[in-house]
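Here's a quick briefing to read alongside the model. It takes the sheet first, then the helices, the loops and the pocket.

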Amino acid sequence: MDKIDRKILTLLQKDATMPVAEIGRKVGLSTTPCWRRIQKMEEDGVIQRRVAVLDPAKVNVGVTVFVSVKTNEHNEAWMRKFAGVIDEFPEVVEFYRMSGDVDYLMRVVVPDIGAYDTFYKRLISKINLTDVSSAFAMGQIKYTTALPLDFAIVVDDDK
C-alpha cells in the first residue's frame with residue numbers, strides 16, 4: 001500500500017459509488033491504473049465489501065442497545081455455539097469477545113423496548129448465559145464506518 005492507495009481508500013470510505021474515473025482524477029491517476037489498484041485491494045482483502053449505510057430510524061431500528069454478556073462457559077465449543085446462535089439474530093449488528101469483566105459485547109438495533117424484550121427472551125431461550133446487562137443509547141454522538149488510515153503501513157513510494 002502506498003500513499004495513493006490510502007487516498008483511494010479514503011475516498012471509497014466516504015462514497016463507494018464514486019466513479020473510478022473521478023477517484024482517479026482526485027488521486028492523480030487515469031481510470032485504468034486506478035481501477036487496477038482498487039481491484040488489487042479487493043483481491044488482497046483490504047476492501048472486504050462495498051455496502052450502503054442506511055438511516056436506522058427510516059428502516060425502523062432507531063433504538064440501539066449495548067448488551068454485555070458474562071458466562072461461566074469458557075471453552076471453544078461453547079463459544080462456537082454462542083456465535084452460531086448470534087448469527088440467527090439480525091438485530092445484532094456487532095458482536096465482540098472482550099477482555100475484562102464482560103465476556104461478550106453486542107450492539108443490537110431494534111424499533112423499541114418491546115422489540116428488545118422479545119429479542120432478549122429469544123436469546124436466553126437458545127443459550128444459557130450467566131449475566132446479561134443492557135444499556136440503551138440515549139443519543140448517537142459519533143458514528144462512522146470509515147476506519148482511520150493514519151495507521152496503515154505505507155510503503156515509501158519516493159524511493
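**The sheet, strand by strand**

Tyrosine 96 has leucine 105 in β3 as its bridge partner. Keep in mind that this is a predicted model. That pair belongs to the contact between β2 and β3, two antiparallel strands joined by 5 bridges.

*Overall layout*

- The sheet is an open one, built from 4 strands in the order β2-β3-β1-β4, with antiparallel pairing.
- Going from one strand to the next, the twist averages 20°.
- As background, strands of a sheet pair through backbone hydrogen bonds, and they can do that either parallel or antiparallel.

- β2 and β3 make a hairpin, with 6 residues between them.
- The turn of that hairpin holds glycine 100, which has a positive phi of about 90°.

*β1 and its two partners*

- On one side, β1 pairs with β3 over 7 bridges, in the antiparallel sense.
- Two of the residue pairs here are valine 65 with valine 108 of β3, and valine 67 with methionine 106 of β3.
- β1 also pairs with β4, again antiparallel, over 6 bridges.
- Lysine 70 has aspartate 131 as its bridge partner in β4.

*Threonine 64, a residue of β1*

- Threonine 64 is in strand β1.
- Is threonine 64 buried or exposed? Its relative accessible area is 15%, so it falls under the 20% cut-off and counts as buried.
- Leaving out residues up to four places away in sequence, threonine 64 touches Arg107, Val108 and Val109, along with Ala135, Phe136 and Ala137.

**Helices**

*α4 over the sheet*

- Helix α4 (residues 76–87) lies across β1, β2 and β3.
- Relative to β2, α4 runs at about 170°.

*Valine 27 in α2*

- Valine 27 is part of helix α2, which covers residues 20–27.
- Its relative accessibility is 9%, so valine 27 counts as buried.
- What does valine 27 touch, if you skip residues up to four places away in sequence? The list is Ile4, Lys7, Ile8 and Leu11.
- For Lys7, the C-alpha to C-alpha distance from valine 27 is 6.5 Å, although the two are 20 residues apart in sequence.

*Proline 33 in α3*

- Proline 33 belongs to helix α3, residues 31–43.
- With a relative accessible area of 29%, proline 33 is partly exposed, because that value falls between the 20% and 50% cut-offs.
- The C-alpha atoms of proline 33 and alanine 21 are 10.0 Å apart, and 12 residues separate them along the chain.

**Loops**

*Asparagine 60*

- Asparagine 60 is in the loop between α3 and β1.
- Its phi is near 60°, a positive value in a residue other than glycine.
- For context, most residues other than glycine have a negative phi.

*Glutamate 91*

- Look for glutamate 91 in the loop between α4 and β2.
- Although it's a loop residue, glutamate 91 is buried, with a relative accessible area of 16%.
- Its contacts, neighbours within four places in sequence aside, are Arg107, Val108, Val109, Val110, Phe119 and Arg122.
- Glutamate 91 and phenylalanine 119 are 28 residues apart in sequence, yet their C-alpha atoms are 7.9 Å apart.

**The largest pocket**

- The largest pocket has a volume of about 1,600 Å³.
- How many residues line the largest pocket? There are 40, and those nearest its centre are Val51, Val53, Tyr143, Thr144 and Thr145.
- The elements giving two or more residues to the lining are α1 (3–14), β1 (63–70), β2 (92–97) and β3 (104–110).
- Sorted by class, the lining has 24 nonpolar residues, 8 polar and 8 charged.

Methods
Residues are numbered from 1 along each chain as its sequence is written. This is a predicted model: local features need pLDDT of at least 70, side-chain atom pairs count only at pLDDT 80 or more; totals for chains, interfaces and linings use all residues. Side-chain values use heavy atoms; hydrogens and water are left out. Buried means under 20% relative accessible area, exposed over 50%, partly exposed in between (1.4 Å probe, protein chains only). On a 1 Å grid over the protein atoms alone, a cavity is a set of points where a 1.4 Å probe fits but cannot get out, and a pocket is an open set with protein on both sides within 12 Å along at least five of seven lines; lining residues have an atom within 4 Å of a point. Grid points are joined across faces, edges and corners, and a volume is the space filled by probe spheres set on the points. Ala, Val, Leu, Ile, Met, Phe, Trp, Tyr, Cys and Pro count as nonpolar, Asp, Glu, Lys and Arg as charged, and the others, Gly among them, as polar. Two strands pair if DSSP finds at least two bridges between them. Axes are lines fitted to C-alpha atoms, for helices over the stretch in contact, and angles run from 0 to 180 degrees between N-to-C directions. Contact means heavy atoms within 4.5 Å.
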